[in-house]
Amino acid sequence: MPVEALKGLTFEIQQGEFIAIMGPSGSGKSTLLHMLALLDDPTSGSIFVDGTDISKLSSSQKTTFRLNKLGYVFQEYALLPELNAFENVYLPLMMLGAPARDYEKAARGMLETVGMGKRARHLISQLSGGEQQRVAIARALVNKSRILFADEPCANLDSKNKEIVLKLLRQLCDELRQTIIMVTHEQEQRLYADRVLWIKDGQIDREEKVR
Amino acid sequence: MRLSIKDIWNDLRVSIFLVYKAITRGNRFTLILTILVTTLAFINIIFISSIMNGAITKAYQQAQENYVSNIVILPATDEKYITQVQQLKTKINTLPGVVSCSSRYAQSGVLRYDPDKDNQDVREKAWNIKSINPTEEVKVTNLQNYMIAGRYLEENDRDQIIMGREISGGYGASFQISSLKGAQIGDEVSITYGNGVNRSYKVKGIYNTYFPLADLNVFITEKEMESVIGVHNRASEVLIKTDGSVPERVYIDRLRTMGIEKEQINVWMDFIGYISGLTQTFDIVKSIVTFIGLLVAGVTIFIVIFIATVNRRRQIGILKAIGMKERIIIMSYIFQAIFYAILGAAAGLLIIHLFLVPYFIRHPLPMPIGLVSLALVRQDMALSILSMIVVSVVAGFIPSWMVTRQNIIKAIWG
């Protein structure tokens, strides 16, 4: 029996905005994030990024778009264990065909930005949860992604590391005008966002301006 | 979407990067175990086929060196002997590529051996008695190098006989039942020839080539045989040894143009028909063993890659999410599989060349056609390596393709 996870959502996000999507369990917030991030296809409707309907792209075009324009931070860091932090971060640029000199320089810079410059050569297993999440953020941004999608990025972190990661996301938004769309279920995390979209039963229940 | 060379090169670069890191930083135990299995599978394929190749090579070598040499001239179908044989041999020896030739007589007879000289327990055997000119024969066959007791014949020996161990019956003979059951050096053996002539001989030498066709022979000297059958300058067969520069059948035409028209001319292969049948059987067995060996190697690699991809389904989903093309992921696993196959083959080749080949040279396997060592055929080895690589490509492709086709959401979140 088909389930309507989302029912007729329409909203806009400006460049440089930090949006939190919140709602009770099963409200459709992860489904919404997956659609926006081109990880899943809407049954109907369109998703426009800079005027382009990205929901109508072919599978390979979506792959290319994700690589070029989008960045992802997952709940469980999702880094490759055989690569060290430096290699994990430059992998997207290598996939884009950048020369080694360029992608190494960009990766080094991004790791410094997230405060992981000194741990670049460490394997992922040698990093704490918070450090891994910061590396994941660096990887998500190294390709100068237009939008960073974060799906419960702090779910597996202790409070100290949560704060570090959230402050980093806020800093990226403020200093680099990075557009961030984050799904979270923790109330206090919304305070780092510019705006909160409250989802209930697959629809936008309300919008809350935080900053 | 059209692929440019740049795209393909970049995809290869990323795939190889991922494989390199997976192998150098991955689980060492799994790596070693997988390579061990592919090594053993490869050794199994090569070992079995090289033993069989060795057996066939040995049989061919035995036939040429110890049985009939390279070419055999027999009398014309309606003749009992080749006549003017001395002149014939002189002509044959002038042919380019001929090393030497030797003539033999063959006469039926009954061998009689009374070990205790008391007419009790007399052993009799009807056989074809052959004669050789020892001086010529040593240039054409190698029997003189296989004496296990006594000595080879000399040209003027008149009451001496040499025999293969399968006739004497001792020295571990295989056909005891039809032998003289233990004739020794110095024993007396009498022969009643088909023309009624009866002679006694002392056993001068016993030889063993491990090739029954050669070891089931009895030889006296040519001079002795001519005195028995009362002929001269004739032969029942002429053996020709060639230098191998051209196939033997080429010599048949050359001999015919020399004027050898009526006599039958055969090559050594015509005398070992049963071995040709063996060759075909061995080829079938080799194919089966190779197939099974490749299957073992392929299934092992498949299982390793399958477990790797299933365990990393989430990571594969995430790689796809961040924009990695499926073909890069699949290529990386295929390269990993090829790595296992190539390393297994390389290790296998090292073990074979450094240990197995020298071992079997020092300790050849006794078989009914001789002492057999490994005969490595380059073509077989190249084909086996190529087959392993092809199998590994399939074994790497299938599981990685199965896992990468999964929907990203399902792969990451289940």
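Because the model is predicted, local features need pLDDT of at least 70 and side-chain atom pairs count only at pLDDT 80 or more, whereas totals for chains, interfaces and linings use all residues. Residues are numbered from 1 along each chain as its sequence is written, and chains are lettered from A, with ligands numbered from 1, in the order in which they are written.

## The two chains

Helices (H or I, at least four residues) and strands (E, at least two) are DSSP runs, numbered from the N terminus. By that reading chain A has six helices and eight strands, and its elements, from the N terminus on, follow the order β-α-β-β-α-β-α-α-α-β-α-β-β-β. The radius of gyration of chain A is 17 Å, close to the 17 Å that the globule rule gives for 211 residues, so chain A is as compact as a globular protein of that length. The radius is taken over C-alpha atoms, and the rule is 2.2 Å times the number of residues to the power 0.38.

Chain B has 13 helices and 14 strands. Its radius of gyration is 32 Å, well over the 22 Å that the globule rule gives for 414 residues, so chain B is more spread out than a compact globule.

The table sets out further values for each chain. A residue is buried if 20 or more other C-beta atoms lie within 10 Å of its own, exposed if 12 or fewer, and partly exposed in between, with C-beta atoms placed from the backbone. Two residues are in contact if their C-beta atoms, placed in that way, lie within 7 Å.

| Property | Chain A | Chain B |
|---|---|---|
| Span of C-alpha atoms along the principal axes | chain A: about 45 × 40 × 35 Å | chain B: roughly 100 × 55 × 30 Å |
| Buried residues | chain A: 46% of 211 residues | chain B: 42% of 414 residues |

## Domains of chain B

The domain assignment, whose bounds come from an automatic or database source, divides chain B into domain 1 (5-63 + 275-413) and domain 2 (76-262). The centres of these two domains, taken over C-alpha atoms, are separated by 52 Å. Six residues of domain 1 of chain B are in contact with five residues of domain 2, and the residues on the domain 1 side of this contact divide into four nonpolar, two polar and no charged. In this count Ala, Val, Leu, Ile, Met, Phe, Trp, Tyr, Cys and Pro are nonpolar, Asp, Glu, Lys and Arg are charged, and the others, Gly among them, are polar.

Strands are said to pair if DSSP finds at least two bridges between them. Strand β3 of chain B pairs in the antiparallel sense with β4 (residues 123-132) over 10 bridges, and B:R123 in β4(B) is the bridge partner of B:Y113. β3(B) also pairs in the antiparallel sense with β11(B) over six bridges, where B:S100 stands opposite B:K241. With β7 (residues 188-193) of chain B, β3(B) forms an antiparallel pairing over four bridges, in which B:V110 stands opposite B:T192.

Helix α3 of chain B (residues 85-93) has B:V85, B:L88, B:K89 and B:I92 as its buried residues. Seen down the axis of α3(B), these fall within an arc of 95°, so they line one face of the helix; the arc is that of the directions from the helix axis to the C-beta atoms. On the other side of α3(B), B:Q86, B:Q87 and B:T90 are exposed. Among the elements that cover the buried residues of α3(B) are β3 (98-113) and β11 (237-242) of chain B.

## A hairpin of chain A

In chain A, strands β7 (residues 195-200) and β8 (residues 203-209) pair in the antiparallel sense over six bridges, and A:V196 stands opposite A:E208 in β8(A). The hairpin of these strands has two residues between them, and A:D201 takes a positive phi near 50° there.

## Where the chains meet

The contact between the chains takes 18 residues from chain B and 19 residues from chain A. On the chain B side, α1 (5-25), α10 (313-321) and α13 (408-413) each supply at least two residues, and α1(B) gives the most, with seven residues. The residues of the side of chain B that touches chain A divide into 10 nonpolar, four polar and four charged.
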